[in-house]
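Visitor: I would like to learn how to read the packing of helices in a model. Could you take me through it step by step?

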Amino acid sequence: MSQDYSQKSSVMQDPGAELVDRAQGLWAKFGQAILIGVVVIAAAAAGTVYWQQNQAKQENAASEKLAQANELFWRADYDRSRTIAQEVSKAYPGTPSGIDALRIAGDDAYWRGNWKDAIADYQAYLGKNSSGVVAAGVRRSLAYALESNKQYEEAAKNLDQLIGVFDRESSGELLFASARCLSAAGKNDEAKKRLQRILDEYPDASVQLQTRIELGRLSPQVLN
């Protein structure tokens with residue numbers, strides 16, 4: 001009786017033993033690959049953490065230096081402000097402050113009447129950040145710099161992109177500016193379309209009187 005029980009017990013234990021043997025065999029076969037995979041994942045995670053910490057340090061350094069440029073700009077010390085902003089944009093090109101430095105450098109050039117440099121800086125900024133309220137403001141400054149540099153059609157293109165982005169008053173002003181640029185470029189028909197839009201879509205805009213005068217100048221027969 002004891003012998004039969006022992007044999008039954010042995011039979012019941014065999015499936016578990018077989019699983020253990022299989023597991024040991026799999027580990028012997030694939031264990032090294034699994035360990036390598038774990039090490040690779042751990043290394044990648046450590047690399048990501050290091051990169052994030054480094055980026056944070058870069059941004060902190062960039063923002064501190066850019067604050068100096070910003071302060072100098074508001075003190076109308078445009079040359080020194082621009083020099084520092086350019087240093088930040090070159091030293092920390094991948095950081096938010098490094099990108100924003102292009103905007104400040106452009107503003108410095110703009111207020112100095114250096115249209116070509118302002119245009120280059122604004123375009124570089126928009127090449128890295130083309131969406132959001134700040135980017136819209138940069139595009140507006142770019143448009144006015146282009147107009148001042150007599151690049152009228154390009155200025156109008158940028159102005160047209162901003163219609164409806166700001167408040168209604170601004171949209172009316174931007175349409176009028178676009179019409180002004182197109183008229184200067186000799187494209188009076190396109191200019192008249194934008195002036196008519198002001199009358200039709202923005203009747204409360206402060207440029208209404210100017211719009212009627214300009215539209216009357218371009219096509220006297222339009223207004224009765």
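Guide: Let us begin with angles: those under 35 degrees count as roughly parallel, over 145 as roughly antiparallel, 65 to 115 as roughly perpendicular and the rest as oblique. Axes are lines fitted to C-alpha atoms, for helices over the stretch in contact, and angles run from 0 to 180 degrees between N-to-C directions. Helices (H or I, at least four residues) are DSSP runs numbered from the N terminus. This is a predicted model, in which local features need pLDDT of at least 70 and side-chain atom pairs count only at pLDDT 80 or more, while totals for chains, interfaces and linings use all residues. Residues are numbered from 1 along each chain as its sequence is written, and side-chain values use heavy atoms, with hydrogens and water left out.

Visitor: How do H3 and H5 lie to each other?

Guide: Their axes cross at roughly 30° and come within 11 Å, and H3 and H5 are therefore roughly parallel to each other. Contact (heavy atoms within 4.5 Å) is made by Arg103, Asp107 and Tyr110 of H3 with Val134, Val138, Ser141, Tyr144 and Ala145 of H5.

Visitor: Which residues of H6 are buried, and where do they fall around the helix axis?

Guide: Buried means under 20% relative accessible area, with a 1.4 Å probe and protein chains only. In H6 the buried residues are Ala155, Ala156, Asn158 and Leu159; seen down the axis they fall within an arc of 165° (taken from the directions from the helix axis to the C-beta atoms), so they line one face of the helix. These buried residues pack against H5 and H7.

Visitor: What does Leu142 touch?

Guide: Leaving aside residues up to four places away in sequence, Leu142 touches Ile119, Tyr122, Gln123, Leu126 and Asn158.

Technical notes. Buried means under 20% relative accessible area, exposed over 50%, partly exposed in between (1.4 Å probe, protein chains only). Helices (H or I, at least four residues) and strands (E, at least two) are DSSP runs, numbered from the N terminus.
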